[in-house]
Amino acid sequence: MGADHPGSGGGGRVDTVCMACGERSPGVHLRCPRCGGPAILEIEGIRWDVRRDVPSMWRYESMLPAVRRRVSLGEGVTPIRRVGDAHVKLEGRNPTGSYADRASSVMASHIASEGGRGEVAVEYSEDFAYSVARYLRGISDVEVAIPDPSRVDPQEVVALVEMGARVRFGRTGRELGYANSLSVEGLKTIALEVIEKSPRVERIVVPAETGLLALSIWKGLRDAEEAGAGVDLEVDAAILRGSGTPDVLSRIGGVSVHEVDPEDAVRGLVELARAGIRAKVLSAAAFALAEELGRGLAVVTASQRRPQVHRRGESALMADVARAVGEMGEASAYDLWRELRRYTLRGIYKAVEALEAEGELCARHVVRGGRKVRVYSRCVDGEDK
């Protein structure tokens with residue numbers, strides 16, 4: 001595990017509130033224990049207290065459910081860029097390339113705080129299953145249930161198997177799914193980061209396939225206002241024309257749903273690509289909507305880059321990088337490039353990623369000059385990887 005910390009979190013009593021039947025249940029439940037409907041957590045005693053020295057979304061621990069053991073790979077604190085007439089928040093910069101890492105960190109922390117489980121069954125959905133499996137390494141074995149094999153990313157399934165997850169087909173109803181109350185808590189930190197950075201925007205525009213991300217952003221803004229942060233932001237959800245409004249968004253006020261023509265979404269895709277940003281079509285639709293509405297920030301949820309599990313090969317570059325890290329104790333990829341000038345910076349990045357995947361290097365995030373920086377050191381025996 002990249003980083004495993006003592007307990008953290010700012011809240012006291014936690015209740016689970018069902019968005020379907022209105023049932024309020026004490027404690028943390030992933031879904032409503034009465035009707036199985038979608039649920040959110042209400043946390044007593046949250047406060048706006050940003051720990052700016054923490055290079056992850058856990059800088060907002062005072063806004064999150066308390067955990068005894070925090071599991072983090074440095075997720076969050078993703079960059080905000082100006083592209084065309086809108087701002088974009090680049091969630092592809094998370095550890096596995098997806099915004100789902102925020103949800104996985106909270107879920108893995110909750111599972112680890114309960115002592116872990118022998119095996120966790122996870123329902124497959126793109127990005128989510130891989131992210132959860134990565135965060136649960138060293139905590140629980142993972143079995144991924146695939147309800148519909150025709151709708152999988154083959155590259156992702158291969159990566160899951162290479163990482164040690166078991167794969168089976170079908171669904172029992174006991175699997176951990178993407179839409180749950182702890183996912184909402186992790187994903188709401190996107191809104192908290194926008195509040196902290198305060199770009200000149202009036203709205204956060206969210207791609208809405210299931211609606212869970214838009215719900216999370218809405219809850220993050222609501223929680224921040226309750227905690228004392230100055231909040232003056234709207235939430236707009238982008239859907240492709242003809243796809244229909246996600247059911248969960250019909251249950252809350254405060255989120256405006258807009259249909260985006262596929263042609264406009266593809267134009268947004270091209271504009272993002274010209275700025276060096278790879279996005280999925282629905283994220284591009286959110287970007288196009290942000291430009292149309294004005295003074296908007298679009299959440300780009302993934303980079304379309306599936307992290308690879310590399311095989312260790314005979315490589316002079318990798319050998320030199322491993323040696324240099326051992327000599328330096330701890331170093332960023334840029335530090336290593338300055339030390340090993342005969343290699344390109346891109347080559348250094350590939351080498352440290354491969355060495356980390358092989359368990360030779362362990363990574364953590366630090367804050368340098370107000371920015372989040374990933375640094376590497378040699379793994380020691382018994383250290384989570």
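**A walk from a helix end to a disulfide**

Let's start at Gly294, which sits just after helix α8 and takes a positive phi of about 85°. Helices here are DSSP runs of H or I with at least four residues, strands are E runs of at least two, and both are numbered from the N terminus. Keep in mind that this is a predicted model, where local features need pLDDT of at least 70, side-chain atom pairs count only at pLDDT 80 or more, and totals for chains, interfaces and linings use all residues. Residues are numbered from 1 along each chain as its sequence is written, and side-chain values use heavy atoms, with hydrogens and water left out.

Stepping back into α8 itself, you'll find 13 residues, 281–293, reaching 18 Å from the first C-alpha to the last. That is close to the 18 Å expected at 1.5 Å a residue, where the expected span is 1.5 Å times one less than the number of residues. Leu282, Phe287 and Leu289 are among its buried residues (buried is under 20% relative accessible area, exposed over 50%, partly exposed in between, with a 1.4 Å probe and protein chains only).

Now for a sheet. Three strands form an open, antiparallel arrangement in the order β3-β2-β4, with pairing requiring that DSSP finds at least two bridges between two strands. Strands β3 (24–26) and β4 (39–43) each have a single partner, so one side of each is left without a neighbour in the sheet. Five bridges join β2 (residues 14–18) to β4, and Cys18 stands opposite Ala39 in β4.

Cys362 lies in strand β16 (residues 361–368) and Cys379 in the segment after β17 (371–378), so the pair ties together parts that are 17 residues apart in sequence. The torsion about the S-S bond is about 115°, which makes the disulfide right-handed. Both ends are tucked away: Cys362 is buried at 7% relative accessible area, and Cys379 is buried at 17%.

Definitions and conventions. Disulfide = S-S within 2.5 Å.
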